[in-house]
Amino acid sequence: MEGKKGNRAFLEALQAEGVCYLFGNPGSSEVPWLDLLPEYPSLRHITVLHEDIGVAMADGYALASGNPGVVSLHTVPGTAHGLCNLFNAHYSGTPLVALVGQQLSRLLNRDSFLGADIVQMARPWVKWAAQVSSADEIAYGVHRAFKEATDPPTGPVLLSIPRDFYDETVKDEIPHAARRSLGRKVRPDSDEVQRAAELFLRAESPALLCGPLAERSGSVPLLLELVDLLAIRVYDDTFMPSCFPTTHRFHLGLYNKEVAERIDLLLVVGQPLLIERKVRDMGFVPPGLSVVQIDSDPRVIAKNHPVEAGLFGHPRLCVEELLAKVRELAGKELGSRFQQRARLIEKERTAREGEKARDMEEQWDRVPISSHRLVAELRRALEPDAIVVDETTTTQGYLRRFFEFPEPGLNYYEVSGGLGWGLPAALGVKLARPKQQVVAFVGDGSFLYYPQALWTACRYDLPVLTVICNNHAYLNDKMFLHLRGGPAAQRKRYEDVEINNPDVDFVRCAESMGAYGERVERPEELAGALRRALGQERPSVVDVEIDPWQWGAAEK
Ligand SMILES: Cc1ncc(C[n+]2csc(CCOP(=O)(O)OP(=O)(O)O)c2C)c(N)n1
Ligand SMILES: [Mg+2]
């Protein structure tokens, strides 16, 4: 019998890793394994019409399922296409395996068609990257890639496979090990825990920023306990998803400069601390503010701001230890000690809710539709556990202010700043959580990076609702031009950042790929349109004409 070939070793290795979905835009270098794919029914190839769509789908799938996402990229051009969302996955620390079909090995030093140094291209945005050098190495390479992607700190990795190796015989097969990963239940340094607990018991106005890794590591239930016990104010970072229940009595909206100046201790769990954000002082950390940081990625602790205590380890175990130490140090008095602060925070929340209600009322009937009304109608139309994948720019502040996320894991956000992630990521989320409603909440500009993702949604029956916040512009850019007050603002001419003339017909765009589409111009039509779109049980698009000059909520 003829020996096993590299293509079979490749698919067997993926199967052994438990892969269900392989997102890809194939070419000649993928043909050797595509040919065998029907023999591996547990492995499903999802065809995408641009590699960056595949990377974002794999990312969304990984974030929402907890399993690594897998994408297949075609040679150098395919890798180049995928780099924007690889950059995104790098920011998110998503366990993601990019498998690249490379040009024939004998052509690699000849500046050949489609071939160049792929490992070097991807290097800055991956945790690990390698190119296999024989058919024997394919299975090893795949297993190594999964280990590297999923060992903490998790992140994207890349494996390049010259296509001739798929058709060569494997001589020295490596066994499929059941387990390759290290033990991950790492507990933090006890001195750091002691210091953090002491800081919390001394602090007068502590606050929490709860990031995506807190959610992914299952830390939120323990953080809820900590927050309740010590009466800690909770904020969300504008540039991170909402990971803590926004309905909690101590949740007070977005972190900003004003907040930073009022608090004396900031606990940051599972996210980098406020990657420098000069924009309207959203990421401000005043010099006197003490920071306690918890993360399983040692690289982010104290990276952008010094910390008083840095708890490196499994985030859930770090919170568990902190909670235990606080209880031990405070003793019996803990139950009553922070009650007064709790009442104060509740009052603040009530006042904030009142202000929100007044703003909502003012904006309710406005035409063009206010972003306030759009968000409120969306919340009403959806089930409580609906997931919102957000890639809005100037509308984001309204979503964060008026949309309640009652549980963790219901909000995903494009964290790197690179647009074109939102819609495809939402499709990946839907594959991971088929029972929950999933919404891609996007701007008209955001949608137009990869509208053809709708084709994949229709082909694979992924009934995601896409809500387009249509202001006929890259309003973010228009806003900056306007606020700059230079020649563009003086002439009131912004045509380089407007998406009009011609206006895009999003309904026909959706219909052309098999999706349902509806356009809404009046506020009273919103509820019906959203209901009809959600009732389709197929991909749907609601194009909402919103106020073209509304960008203010982020400042609140
Ligand atoms: C890949 C990429 N290209 C360009 C930009 C620059 N950019 C930042 S915000 C923005 C506007 C997005 O427009 P839209 O989605 O309609 O949101 P709006 O600003 O109108 O709220 C652009 C183009 C980017 N962030 N990423
Ligand atoms: Mg826009």
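Pro 368 sits in the loop between helix H13 (339-363) and helix H14 (371-381). The model is predicted.

Pro 153 belongs to the loop that runs between helix H6 (136-150) and strand E6 (156-162).

Positive phi values form the next topic. Thr 75 is not a glycine, yet its phi is positive, near 45°. This residue is part of helix H4, which spans residues 75-92. Around Thr 75, 23 C-beta neighbours lie inside 10 Å. The cut-off for a buried residue is 20 or more. Thr 75 therefore counts as buried.

His 472, likewise not a glycine, has a positive phi of about 55°. His 472 is placed in a loop, between strand E16 (465-470) and helix H19 (475-484). Its C-beta neighbours inside 10 Å number 17. Partly exposed residues fall between the limits of 12 or fewer for exposed and 20 or more for buried. His 472 therefore counts as partly exposed.

In short, Thr 75 is a buried residue of helix H4. His 472 is a partly exposed residue of the loop between strand E16 and helix H19.

Technical notes: Residues numbered from 1 in each chain as written. Chains lettered and ligands numbered in written order. Predicted model: local features only at pLDDT ≥ 70, side-chain atom pairs only at ≥ 80, totals over all residues. Helix = DSSP H or I, 4+ residues; strand = E, 2+ residues; numbered from the N terminus.
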